[in-house]
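Welcome! Take a moment to look over the sequence and the 3D view, and then we will walk through some features together.

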Amino acid sequence: APQEPSFVALVEPRGGRRAVLLCSADGVPPPDIAVSRGQGHPPLATTRGPSDPRFEVRATPSTLRVEMAGLELGDAGLYLCSATNSRGTAAASLRLDVRGVTVTVEPSQEVLEGTKATMSCSATAWGDKGVNYTWYRDGRWLREGPSGSFVLGRVSSADAGSYQCQASGTWGTATSVPLSLSVLCECPPTSPSTTKPRTRWVWGLSHPMSRCHPPCPLTDPPRAVSVSTFLENRSGHGAIVLCTADSHPPSSLALYHHGHLLATSLSPVVTPGVRAIPSRNALRVELVAVGTGAGGHYLCVATNALGNGTASADFDVHTLSHLHTFTVLAGLLMAIGAVAIVALLAVKVWPR
């Protein structure tokens with residue numbers, strides 16, 4: 001029969017809007033692996049594929065990797081991983097916590113000048129009752145109130161910038177990861193006889209010599225570069241290193257470990273056990289198997305046509321090893337104490 005599966009969850013540290021469920025199980029013959037929402041529910045994903053378009057599934061003969069995008073409060077709860085072959089079934093479970101405050105913008109982060117945009121803030125871990133929302137743009141107070149959203153009726157270049165939301169309630173206070181809003185402008189033809197299509201520019205992205213009216217501002221070099229590290233705290237077998245920046249145009253990102261290039265946003269990763277997932281001004285690197293060699297100094301370099309920026313972080317995998325050792329020793333001491341208490345009681349009540 002299959003051995004008991006190893007089942008872990010990795011939640012993206014910045015914003016918490018994406019999670020990876022990783023289940024692995026050994027058996028002869030190789031088992032079919034499935035992930036479901038608790039006992040008795042149909043599988044969300046199997047080695048044959050997902051049942052929800054939000055999920056991305058990658059499978060090997062002994063591993064099922066399920067990536068969940070756009071996490072919501074309803075995604076929190078108990079998840080079950082089952083491994084089944086002709087000789088039997090084995091299962092493992094975990095509880096997925098969906099936390100954090102997130103900011104979204106509709107219709108997108110790039111909005112055409114003069115159109116409408118809706119900014120929304122969600123405190124996904126606690127719901128929306130009794131919550132007070134404070135908005136900031138480029139670090140400056142913008143507005144405050146009980147509503148988690150507001151509308152920009154006619155977007156202008158003055159609305160472009162980095163938005164953050166702070167949610168406060170009886171549970172405490174939490175602040176979202178910054179979200180950048182870019183405003184697009186359209187350049188009119190130079191003369192009525194011009195037949196070329198109108199050119200679209202992004203506030204902060206156009207060339208200073210463009211013929212747009214009003215003129216589009218200059219671009220921005222990389223700023224607010226950051227590196228975040230996250231070690232799965234159940235078994236310590238997986239980790240995420242997240243590199244982000246804020247720039248116009250978007251930056252290409254490179255992550256170095258002890259001076260050696262680990263991953264970039266421009267080319268796929270060839271290092272075994274490493275997966276790079278690039279997006280706009282972000283590079284997420286997943287380390288599937290974390291050993292002591294994964295610890296140490298990480299450097300993120302963000303580069304665009306106007307310059308570059310760097311940030312670094314130290315990843316201490318020894319801390320988790322020490323925590324595991326302490327946990328084992330604490331468990332042994334508790335067991336010894338329990339045996340001593342039972343022996344003492346037996347001596348007192350044993351008939352003489």
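Does C81 count as buried or exposed? With a relative accessibility of 0%, C81 counts as buried, because buried means under 20% relative accessible area. Please keep in mind that this is a predicted model. Its protein chain has one helix and 27 strands, and three disulfides turn up in a search of the whole structure.

**The chain as a whole**

- Of the 352 residues in the protein chain, 39% are buried.
- The protein chain exposes about 19,200 Å², with carbon and sulfur atoms supplying 57% of that area.
- If you take the contacts between residues at least 6 apart in sequence, 56% of them join residues at least 24 apart.

**Disulfide C23 to C81**

- A disulfide is a covalent bond between the sulfur atoms of two cysteines.
- C81 is joined to C23 in this way, with an S to S distance of 1.7 Å.
- C23 sits in strand β2 (residues 18-24) and C81 in strand β8 (residues 77-85), so this pair ties together parts that are 58 residues apart in sequence.
- The torsion about their S-S bond is about -70 degrees, so the disulfide is left-handed.
- C23 counts as buried too, at 0% relative accessibility.

**Disulfide C121 to C165**

- The sulfur atoms of C121 and C165 are 2.0 Å apart and form a disulfide.
- This pair links distant parts of the chain, 44 residues apart: C121 belongs to strand β12 (residues 117-123) and C165 to strand β16 (residues 161-169).
- Here the S-S torsion is about -85 degrees, so this disulfide is left-handed.
- C121 counts as buried at 7% relative accessibility, and C165 counts as buried at 0%.

**Disulfide C243 to C300**

- C243 and C300 are joined by a disulfide, S to S 1.5 Å.
- Because C243 lies in strand β21 (residues 239-248) and C300 in strand β26, the pair ties together parts that are 57 residues apart in sequence.
- Both of these cysteines, C243 and C300, are buried.

**Aromatic pairs**

- The structure holds two aromatic pairs, and one of them is made by W135 and F150.
- W135 is in strand β13 (residues 132-137) and F150 in strand β15 (residues 149-152), so the pair ties together parts that are 15 residues apart in sequence.
- W135 and F150 are both buried.

**A loop residue**

- A294 is found in the loop between β25 (282-287) and β26 (296-304).
- A294 is buried, with a relative accessible area of 12%.
- A294 and D316 are 22 residues apart in sequence, and their C-alpha atoms are 8.6 Å apart in space.

Note on methods. Residues are numbered from 1 along each chain as its sequence is written. This is a predicted model: local features need pLDDT of at least 70, side-chain atom pairs count only at pLDDT 80 or more; totals for chains, interfaces and linings use all residues. Side-chain values use heavy atoms; hydrogens and water are left out. Rings of Phe, Tyr and Trp (its six-membered ring) pair if their centres lie within 6.5 Å; planes under 30 degrees apart count as stacked, over 60 as edge-to-face and the rest as tilted. Helices (H or I, at least four residues) and strands (E, at least two) are DSSP runs, numbered from the N terminus. Buried means under 20% relative accessible area, exposed over 50%, partly exposed in between (1.4 Å probe, protein chains only). Contact means heavy atoms within 4.5 Å. Accessible areas come from the Shrake-Rupley method with a 1.4 Å probe; for residues, only the protein chains shown count as cover. A disulfide is a pair of cysteine sulfur atoms within 2.5 Å.
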